Each structure stands twice: as C-alpha cells, then as structure tokens.
Amino acid sequence: MQTTKEIFEDQIKGLKSMGYHFITYEDLKAYKEGKKELYKRSCILTFDDGYEEVYKNAYPIATKYNIPFTMFIITNNVGLPGTITWNEAKEMKESGLVTIASHSEDHANFNKLTVMAVSYTHLRAHETCADL
C-alpha cells in the first residue's frame, strides 16, 4: 500500500484518537508468553522491503508520535537506489522505536528453491540484520 505522508500522519492520528496503542513484536511475544498485558486496542505497524520513503516520510512521523514499527528489509537490496542505506537502518534501530528485521536476502521466488536454499538465504539475511 502506498500513501502520502499527510495521509499516513492522519491515519496515525486517527488510530491514536480511537484509542489504539502501537506495540512491537516483542510486546506481542511477551503477551503470548504470559509475561505482559496488552491494551484491548493494540496494533503493530510494519513496512516491507526497506524502501527509502519509509526513512524519509514514515520514520519522522513515527518519531513525532513515538510510534514503534518494524521494517522488514531485503538485505541484498540495502543501499540500492530507492532503498535505505545501512547507516539509515542503524539510525532508525538506535532510535529505540524501530526494529530492523529480515524480509529475505534477495526476495527470491521461494517456490523455485529447495527447502535448504530457502533456509540458508533466510539465515544469512537474519544474521545480517542481527549484526546491525
């Protein structure tokens, strides 16, 4: 889904005004393990693929409203035109609001790969994100 930064900000304000609370995947995991309570109206904000518009447009809005989000990146695409750089990923992660996670290594067509190849590409992408 694509939207303008103005519409995105209006959506964030709208969700907050309706009583929604933005949580992280770690919050959800803790809830599922019985270690944390969640608000009845909880939601998770995510972005796929690591597009630079997230850094330029969504990240400043999320920062303004203290909204956590997860960005699932394609590790081999980081730094290519139209995507975030490793420095931008690190900056967002260090803000404490953003989790950088692996979408995949190269957005391969997994239906055409062996299970071992899919597992290996995901492991490498996960390790790359963990090293950030």
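Me: Buried means under 20% relative accessible area, exposed over 50%, and partly exposed in between, with a 1.4 Å probe and protein chains only. This is a predicted model, in which local features need pLDDT of at least 70, side-chain atom pairs count only at pLDDT 80 or more, and totals for chains, interfaces and linings use all residues. Residues are numbered from 1 along each chain as its sequence is written, and side-chain values use heavy atoms, with hydrogens and water left out. How many residues of strand 4 are buried?

Reply: Helices (H or I, at least four residues) and strands (E, at least two) are DSSP runs numbered from the N terminus. Strand 4 covers residues 69-74. On one side Phe 69, Met 71 and Ile 73 are buried, and on the other Thr 70, Phe 72 and Ile 74.

Me: Which residue in strand 5 is the bridge partner of Phe 72?

Reply: Two strands pair if DSSP finds at least two bridges between them. Strand 3 (residues 46-49) runs parallel to strand 4 over 4 bridges, and there Asp 48 is partnered by Phe 72. Strand 5 (residues 98-104) is also parallel to strand 4, through 6 bridges. In strand 5, the partner of Phe 72 is Ala 101.

Me: Which hand does the β-α-β unit of strand 3, helix 3 and strand 4 have, right or left?

Reply: A crossover is right-handed if, with the strands pointing away from the viewer, the path from the first strand over the helix to the second runs clockwise. Helix 3 (residues 52-64) lies between strand 3 and strand 4 in this unit, which is right-handed.

Me: At which residue does helix 3 bend?

Reply: The bend is the angle between axes fitted to the seven residues ending at a residue and the seven starting there. For helix 3 this angle is about 40°, and Pro 60 follows the bend within four residues. The buried residues of the helix include Tyr 55, Tyr 59 and Ile 61. The bend is at Ala 58.
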